[in-house]
Amino acid sequence: MNDYFWKHVSEPKRIILPSVYKQLEQDSLTRYPHEACGILLGEIAAGAVIIDGYVPVTNASAQPDRHFSLEPQEWVKHSYHPKLLGLFHSHPTAPPVPSATDLRELPLFASLLKLYVIGSCCNTEPAAGQTPGNNQPSFSLQGYEIISSDSNYRLESITFDCIVADQVSLF
């Protein structure tokens, strides 16, 4: 995975498999009110970025309800995985937008990644059929492309173009 892909494909498709979306949602809601975190695996080919795997990682932060810190041994174990695409973490009480801490810590791992994805559990509006006051957190997801320029990094919001069936072969 190199910058050649991003520079020569005008608008790549960004796809997340439904099983992976469900894993991100389940991990976020299970660890709520703490931040979930993990590694996103996938492929870049045929004009598409496909997230087809998720590996949950222990949140080693001293304040897991406000920050995430990948458990170092788990991170090292997965940081050179051939299908490593990105990093995921959740915001239990905030929208899926990078925090000041997220942006400050981005250079620690950005050179190894292409995507940064944030899930949010903060929407506690009643779902259809629920009564007010009996709300469970619901899940939303936002992706960001990691842009590198002269050893500086920034995040650019992206949209997942589609979610395809797990069994479909795209290549």
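1. Both Phe109 and Tyr116 are buried, a word that here stands for under 20% relative accessible area, with exposed set at over 50% and partly exposed in between (1.4 Å probe, protein chains only). This is a predicted model, in which local features need pLDDT of at least 70 and side-chain atom pairs count only at pLDDT 80 or more, while totals for chains, interfaces and linings use all residues. Residues are numbered from 1 along each chain as its sequence is written, and side-chain values use heavy atoms, with hydrogens and water left out.

2. Rings of Phe, Tyr and Trp (its six-membered ring) are taken to pair if their centres lie within 6.5 Å, and planes under 30 degrees apart count as stacked, over 60 as edge-to-face and the rest as tilted. By this rule there are three aromatic pairs. In one of them, the ring centres of Tyr21 and Phe139 are 5.6 Å apart and the planes stand at 75°, so this pair is edge-to-face. Tyr21 belongs to helix α2 (residues 18-31) and Phe139 to strand β6 (residues 138-149), so that the pair links parts of the chain 118 residues apart; helices (H or I, at least four residues) and strands (E, at least two) are DSSP runs, numbered from the N terminus. Tyr21 counts as partly exposed at 25% relative accessibility, whereas Phe139, at 11%, counts as buried. The rings of Phe109 and Tyr116 have centres 6.1 Å apart and planes at 10°, so that pair is stacked.

3. Which residues of α2 are buried? They are Val20, Leu24, Glu25, Asp27, Ser28 and Arg31. Seen down the axis of α2, its buried residues fall within an arc of 165°, so they line one face of the helix; the arc is that of the directions from the helix axis to the C-beta atoms.

4. A nonpolar core is a set of buried Ala, Val, Leu, Ile, Met, Phe, Trp, Tyr and Cys residues joined through side-chain atoms within 4.5 Å. The largest one has 19 residues, of which Ile39, Leu87 and Tyr116 touch the most other members. Strand β2 gives the largest share of this core, three residues. Another core, of 17 residues, lies apart from it and has Ile16, Val20, Leu85 and Phe139 among its members.

5. Eight of the 10 residues of β3 are buried, so this strand is largely enclosed by the rest of the structure. Strands pair if DSSP finds at least two bridges between them. β3 pairs with β1 (residues 13-16) in the parallel sense over four bridges, and with β2 in the antiparallel sense over nine bridges.
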